[in-house]
Amino acid sequence: MSENKTQQAPLLSVQHLRQYFGPTKAVDDISFDIYRGEVFGLVGESGCGKSTTGRSIIRLYDITGGSVYFDGTRIAAGWQNYKADVKKAKADAKAEVAAIHAEYQEKEAKAKDNPAQLEMLKIEKKEKLDAVSEKLNALVAEKTKEIKSAKHDHKYGNKDFTRHEVEKVRAKYEPLLEKERSDEEKAKLTKQYKEEVRLAKHDRIMNKIQMIFQDPIASLDPRMTVHDIIAEGLIIRGIRDKKFINEEVYRVLKLVGLVPEHATRYPHEFSGGQRQRIGIARAIVLNPDLIIADEPVSALDVSIQAQVINLLNDLRHQMNLTLLFIAHDLSVVKYFSDRIAVMYYGHIVELATSDELFAHPCHPYTKSLLSAIPLPDPRYEKKRKRIVYRPLIDHDYSKEGPTFREVAPGHFVSCNSEEFDRYEKEIAGK
Ligand SMILES: Nc1ncnc2c1ncn2[C@@H]1O[C@H](COP(=O)(O)OP(=O)(O)OP(=O)(O)O)[C@@H](O)[C@H]1O
Ligand SMILES: [Mg+2]
């Protein structure tokens with residue numbers, strides 16, 4: 001991870017992401033940034049919304065609210081919460097109008113014999129009513145703009161990127177063609193130009209993000225050979241050169257620790273760990289910038305888990321990859337992640353560097369996750385005490401609810417003021 005990552009723009013920025021499934025708020029307003037070259041761990045128990053987060057980033061849903069930026073481009077945006085804001089503002093305005101009418105009905109009744117005062121009241125009332133509708137109109141106009149922009153970006157973010165890529169190719173070739181005098185060279189250049197434009201037209205910003213799935217059995221088509229599984233992305237990408245495709249397939253097979261002979265086989269002929277290697281090969285063949293690995297090892301034997309994690313770690317350095325690594329177990333992400341976000345029921349409750357999180361866990365849920373990690377020494381293991389998180393007992397949010405606050409540089413915790421003071425002291429060792 002680079003030293004001055006705060007000065008660098010994030011590769012992925014998730015802002016106020018919400019993904020609701022009817023009444024289930026699977027992801028409810030989460031924000032985090034991932035910087036180039038970083039491994040970002042997302043941890044939490046089953047059902048807390050980890051996969052939904054990953055799937056929202058790769059646009060498998062029309063998200064309920066918030067934005068996802070990739071390399072500065074908004075690739076996903078939701079607008080349901082803006083709509084909800086408008087609906088609420090309208091209802092509030094209606095209530096305010098009713099209250100004003102009631103107020104002046106009373107005042108006018110009292111002043112019914114005083115025409116001058118009645119006139120005054122009429123003017124006053126109109127001013128108040130105008131103010132309410134002005135406020136409402138301004139809010140509706142603002143939200144309508146947000147909705148329009150979110151809809152545009154969600155729908156066209158990909159297309160805008162492709163258009164931009166095509167323009168880049170044009171900008172590269174047109175001056176070259178202009179300068180070229182020999183007809184033969186010109187024809188050669190034109191051919192190259194056309195091919196690059198064709199490929200750029202197939203280019204999608206989403207190709208730069210690839211996902212490795214939780215279940216290596218369900219995520220590989222059993223009727224396809226390993227070769228075809230890996231080559232599929234290249235073909236979708238518009239590549240037709242068979243020789244190039246074969247070379248690429250063999251290249252990534254080697255990178256993930258498999259051999260060329262494996263290419264003609266089918267997924268069921270492989271062990272769990274090998275299948276996950278095929279999943280990784282499929283993801284890296286497109287040279288992505290970001291890989292979202294959704295519990296890539298949780299279905300594997302413990303002995304195989306370390307191998308697959310080591311492989312991902314090697315690839316990360318070799319290919320300059322950035323990783324969003326999802327796990328339900330802190331021990332899996334500990335050594336591998338630069339920073340870790342802890343998720344609980346749709347929210348991020350704590351976010352810090354890996355070292356800081358293990359040295360100074362603040363949120364009681366993080367502490368409970370840490371207490372679940374088995375210790376290598378059997379003597380200590382015997383004494384290890386599981387901490388159970390009891391949200392209703394562990395927090396008193398009756399007077400003040402939690403917000404996401406920075407308790408130490410780069411260390412964020414969901415807490416209220418009382419907890420904030422306590423956590424600050426805990427970290428300072430007081
Ligand atoms: N397509 C869907 N339709 C309705 N509800 C869904 C859908 N996908 C997920 N959910 C619900 O959203 C919540 C979060 O699910 P998600 O799969 O994101 O959790 P997870 O943290 O990945 O869990 P696990 O560790 O078991 O993979 C759960 O309550 C789940 O039942
Ligand atoms: Mg999941």
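The buried residues of helix 1 are K50, S51, T52, T53, G54, S56 and I57. Here a residue is buried if 20 or more other C-beta atoms lie within 10 Å of its own, exposed if 12 or fewer, and partly exposed in between, with C-beta atoms placed from the backbone. By that count 7 of the 8 residues of helix 1 are buried, and the helix is described as mostly covered. Helices (H or I, at least four residues) and strands (E, at least two) are DSSP runs, numbered from the N terminus. After helix 1 comes R59, with a positive phi near 65 degrees.

This is a predicted model, in which local features need pLDDT of at least 70 and side-chain atom pairs count only at pLDDT 80 or more, while totals for chains, interfaces and linings use all residues. Residues are numbered from 1 along each chain as its sequence is written, and chains are lettered from A and ligands numbered from 1 in the order in which they are written.

The next part to look at is strand 8 (residues 322-327), where 6 of 6 residues are buried. In a regular strand the side chains alternate between the two faces of the sheet. In strand 8 both faces are covered: T322, L324 and I326 are buried on one side, and L323, F325 and A327 on the other.

Strand 8 has partners. Two strands pair if DSSP finds at least two bridges between them. Strand 3 (residues 39-43) runs parallel to strand 8 and is joined to it by 5 bridges; within this pair, L42 stands opposite I326. Strand 7 (residues 290-294) also pairs with strand 8 in the parallel sense, over 5 bridges, and the bridge partner of L290 is T322. Strand 7, helix 8 (residues 302-319) and strand 8 make a right-handed β-α-β unit. Right-handed means that, with the strands pointing away from the viewer, the path from the first strand over the helix to the second runs clockwise.

Leaving out residues up to four places away in sequence, V43 touches A327, H328, L330, V333, I340, V342, M343 and L369. Two residues are in contact if their C-beta atoms, placed from the backbone, lie within 7 Å.

Strand 4 (residues 65-70) and strand 5 (residues 73-79) form an antiparallel pair. The two are joined by 6 bridges, and Y69 has R74 as its bridge partner. In this hairpin, 2 residues lie between the strands, and D71 takes a positive phi near 50 degrees. Strand 5 is mostly covered, with 5 of its 7 residues buried.

Helix 5 (residues 226-236) has V226, I229, I230 and A231 among its residues, and these are buried. What do the buried residues of helix 5 pack against? They pack against helix 6 (242-255) and helix 7 (272-284). Helix 5 is followed by G238, which has a positive phi near 100 degrees.

Q192 lies in helix 4 (residues 183-202) and is partly exposed because 13 other C-beta atoms lie within 10 Å. E103, in helix 2 (residues 80-110), counts as partly exposed because it has 14 C-beta neighbours inside 10 Å. E103 and K125 are 22 residues apart in sequence, and their C-alpha atoms are 9.1 Å apart in space.
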